[in-house]
Amino acid sequence: MRIIMLGPPGAGKGTQAVKLAERLKVPHISTGDILRRNVAKKTKLGQHAQKYMAAGKLVPDDVVIEMTAKRLKEPDAKRGFILDGFPRNLAQATALDGLAEIDAVVNLFLDPEDLVKRSTGRWVCPNCDAVYHVLTNPPKRRGVCDKCGSAIIQREDDKEEVVRTRIRTYDDQTAPLVAHYKGKGLLRDVYASGHIAEVQHRILEVLRL
Ligand code: ADP
Ligand code: ZN
């Protein structure tokens with residue numbers, strides 16, 4: 001299956017995308033993870049993207065579209081994929097229409113204040129991209145990744161001010177995609193409040209899995 005995860009920052013796209021990808025045995029393709037890896041390695045792409053990401057703005061389309069097109073052409077994506085963080089505006093959605101046929105778009109929604117709480121409590125593993133939350137999904141040992149043992153960190157762009165800008169960026173540029181995919185009959189709305197397993201269950205239900 002080729003699935004897009006849609007939803008504002010803090011809705012839990014990444015967490016749910018990883019679980020769904022494991023279950024369906026397809027790759028989890030997160031443009032945010034790919035960009036952050038490039039920033040960490042100080043590649044040309046990373047150096048270009050960094051200032052936009054730190055400000056909560058979108059990285060320019062040409063860069064992100066090329067990066068995603070390349071990733072979708074890799075052999076593991078032939079069996080399907082869970083796309084997380086792309087497309088983020090109509091130009092990207094139009095580009096994606098030419099790259100792959102999508103089976104469903106999971107649209108996670110949540111109350112605005114819950115979004116801020118979720119993002120500001122988030123910790124991530126810089127080594128394996130695992131995601132934790134101080135309240136709802138803490139690691140077994142404080143500050144240490146359950147999966148690989150690395151020290152976990154807070155993302156630069158999870159500071160409250162930047163989170164609010166990211167939510168605004170979502171409202172302005174990404175929210176119109178809800179209508180776009182609804183028009184294509186692909187949209188599956190899922191309420192993203194509650195435990196991780198509960199939300200996963202709702203996702204499997206709307207996808208009839
Ligand atoms: P979120 O938790 O907000 O969904 P991501 O990890 O998906 O965050 O993305 C973090 C940042 O990376 C975004 O705020 C943006 O600057 C950049 N980014 C990720 N995907 C895209 C994209 N498709 N287009 C433009 N910028 C992107
Ligand atoms: Zn890890």
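1. Let us begin with a term: two strands pair if DSSP finds at least two bridges between them. Strands themselves (E, at least two residues) and helices (H or I, at least four) are DSSP runs, numbered from the N terminus. With that settled, β1 and strand β4 (residues 104–109) pair in the parallel sense over four bridges, and within β4 Val105 is the bridge partner of Ile4.

2. A word on the ground rules. This is a predicted model, in which local features need pLDDT of at least 70 and side-chain atom pairs count only at pLDDT 80 or more, while totals for chains, interfaces and linings use all residues. Residues are numbered from 1 along each chain as its sequence is written, chains are lettered from A and ligands numbered from 1 in the order in which they are written, and side-chain values use heavy atoms, leaving out hydrogens and water.

3. Back to strand β1, which spans residues 2–6. Four of its five residues are buried (buried means under 20% relative accessible area, exposed over 50%, partly exposed in between, with a 1.4 Å probe and protein chains only). Strand β3 (residues 81–84) runs parallel to β1 and is joined to it by four bridges. Here Arg2 stands opposite Phe81.

4. Phe81 is worth a look on screen. Leaving aside neighbours within four places in sequence, Phe81 is in contact (heavy atoms within 4.5 Å) with residues including Met1, Ile3, Val26, Leu72 and Ile102. Phe81 is also listed with Leu96, Val105 and Tyr181 as having the most contacts inside the largest nonpolar core, which has 25 residues. Such a core is a set of buried Ala, Val, Leu, Ile, Met, Phe, Trp, Tyr and Cys residues joined through side-chain atoms within 4.5 Å.

5. Who supplies this core? At least two residues each come from β1, α2 (31–40), α3 (44–55), α4 (61–72), β3, α5 (90–97) and α8 (176–183). The largest share, four residues, is from α4. Another core, of 22 residues, lies apart from this one and has Ala17, Ile82, Leu110 and Val199 among its members.

6. Now the metal site. Cys125, Cys128, Cys145 and Cys148 coordinate the zinc ion (ligand 2) through their SG atoms at 2.3 Å. Donors are N, O and S atoms within 2.8 Å of the metal (3.2 Å for Na, K and Ca), and sites may look incomplete because water is not among the atoms. The angles among the four donor atoms are 101 to 118°, and the site is tetrahedral (four donors with all angles between 85 and 135 degrees). Cys128 lies in the loop between β5 (122–124) and β6 (131–133) and Cys145 in the loop between β6 and α7 (160–174), so the pair ties together parts that are 17 residues apart in sequence. Cys128 is partly exposed at 30% relative accessible area, whereas Cys145 is buried at 3%.

7. One aromatic pair turns up in a search of the whole structure. Phe109 and Tyr191 make a tilted pair, 5.4 Å centre to centre with 35° between the planes. Rings of Phe, Tyr and Trp (its six-membered ring) pair if their centres lie within 6.5 Å; planes under 30 degrees apart count as stacked, over 60 as edge-to-face and the rest as tilted.

8. Finally, two backbone details. The peptide bond from Phe86 to Pro87 is cis, with omega near 0°, and Pro87 sits in the loop between β3 and α5. Asp129 has a positive phi, near 70°, in the loop between β5 and β6.

Methods
Four donors count as tetrahedral if all angles lie between 85 and 135 degrees; four count as square planar and six as octahedral if opposite donors are over 155 degrees apart and all others between 65 and 115; anything else is irregular.
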